[in-house]
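Welcome! Here is a short briefing to read alongside the structure, with the points grouped by topic.

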Amino acid sequence: MATSSVGPPVTRRTGRISYEAGSTVRKCGPSYKISREIEAMAFVRSHTTIPIPEIVDYQVDSDNSWILMKRLHGTLLGSAWPNMDYDARQKALSRLKSYFCQLRSLCPSIHGRIGSCSGESAYDHRLNNGF
């Protein structure tokens, strides 16, 4: 996958995320973060029913790393919540609870090991672990 750095014109940019024309979103960042995010997205997609954006393209290199993904359609919960009735709110909370339960039930491929989805070392921004 990974090559084209030229894409549709940017319609809106928020920090490291660019909302491009059409239905794609480009997320930029350091190569170690982008590669771990790609791994995590694939892992969660294959082990849960949580909606995960489809990766259209990506590039991982030391100077210019990014993920181009299809945008998930919908309304931000924080924007929708004030207009939702009780039943709609209960349904949303139930769905969120299901997502968290699925994430909590994920197990590492090697019992007792903490690391990335691919078995490599984990990255924690709170620690100075060489990144």
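Let us begin with a charge and a ring: the charged end of Arg-26 sits over the ring of Trp-66, at 4.3 Å from the ring's centre. Keep in mind as you look that this is a predicted model. Arg-26 also takes part in a salt bridge, with Glu-20 as its partner.

**The overall layout**

- The chain is built with three helices and five strands.
- If you read along the sequence, these elements follow the pattern β-β-β-α-β-β-α-α.
- The chain has 131 residues, and 23% of them are buried.
- Take the contacts between residues at least 6 apart in sequence: 48% of these join residues at least 24 apart.
- The accessible surface of the chain is about 9,400 Å², and carbon and sulfur atoms account for 56% of that surface.

**Salt bridges**

- How many salt bridges does a search of the whole structure find? The search finds three.
- Here is the general idea: side chains of opposite charge can pair when their charged atoms come close.
- In the salt bridge between Arg-26 and Glu-20, the closest N and O atoms are 2.6 Å apart. Are these two residues buried or exposed? Both Arg-26 and Glu-20 are buried.
- Lys-27 and Glu-37 also meet through their side chains in a salt bridge, with 3.0 Å from N to O. Lys-27 belongs to strand S3 (residues 24-29) and Glu-37 to helix H1 (residues 31-47), so this pair ties together parts that are 10 residues apart in sequence.
- Why does Lys-27 count as buried? Its relative accessibility is 16%, and buried means under 20%.
- Glu-37, in contrast, is partly exposed, because its relative accessible area is 23%, and partly exposed covers the range between the buried limit of 20% and the exposed limit of 50%.
- Another salt bridge joins Lys-70 and Glu-54, whose closest N and O atoms are 3.5 Å apart. Lys-70 is in strand S5 (residues 65-70), while Glu-54 is in the loop between H1 and strand S4 (55-59), so the pair ties together parts that are 16 residues apart in sequence.
- Lys-70 is partly exposed, with a relative accessible area of 40%. Glu-54 is partly exposed as well, with a value of 42%.

- Which residues make the nonpolar surface patch of about 430 Å²? The patch is made by Leu-77, Leu-93, Leu-96, Phe-100 and Leu-103.
- Helix H3 (residues 86-105) gives the largest share of this patch, with four residues.
- Leu-103 has its place in helix H3. This leucine is partly exposed, with a relative accessible area of 39%.

**Rings**

- How many aromatic pairs are counted? The count comes to zero.

- Where is Asn-64 found? Look in the loop between S4 and S5.
- Asn-64 counts as partly exposed, because its relative accessibility is 32%.
- Asn-64 and Ser-31 are 33 residues apart along the chain, and their C-alpha atoms are separated by 7.6 Å.

Methods. Residues are numbered from 1 along each chain as its sequence is written. This is a predicted model: local features need pLDDT of at least 70, side-chain atom pairs count only at pLDDT 80 or more; totals for chains, interfaces and linings use all residues. Side-chain values use heavy atoms; hydrogens and water are left out. Patches are made of residues with over 30% relative accessible area and no salt bridge: like charges are joined within 9 Å, nonpolar side chains (Val, Leu, Ile, Met, Phe, Trp, Tyr) within 5 Å. Accessible areas come from the Shrake-Rupley method with a 1.4 Å probe; for residues, only the protein chains shown count as cover. A salt bridge is a side-chain nitrogen of Lys or Arg within 4 Å of a carboxyl oxygen of Asp or Glu. Helices (H or I, at least four residues) and strands (E, at least two) are DSSP runs, numbered from the N terminus. Buried means under 20% relative accessible area, exposed over 50%, partly exposed in between (1.4 Å probe, protein chains only). Rings of Phe, Tyr and Trp (its six-membered ring) pair if their centres lie within 6.5 Å; planes under 30 degrees apart count as stacked, over 60 as edge-to-face and the rest as tilted. A charge sits over a ring if NZ of Lys or CZ of Arg is within 6 Å of the ring centre and within 35 degrees of the ring normal. Contact means heavy atoms within 4.5 Å.
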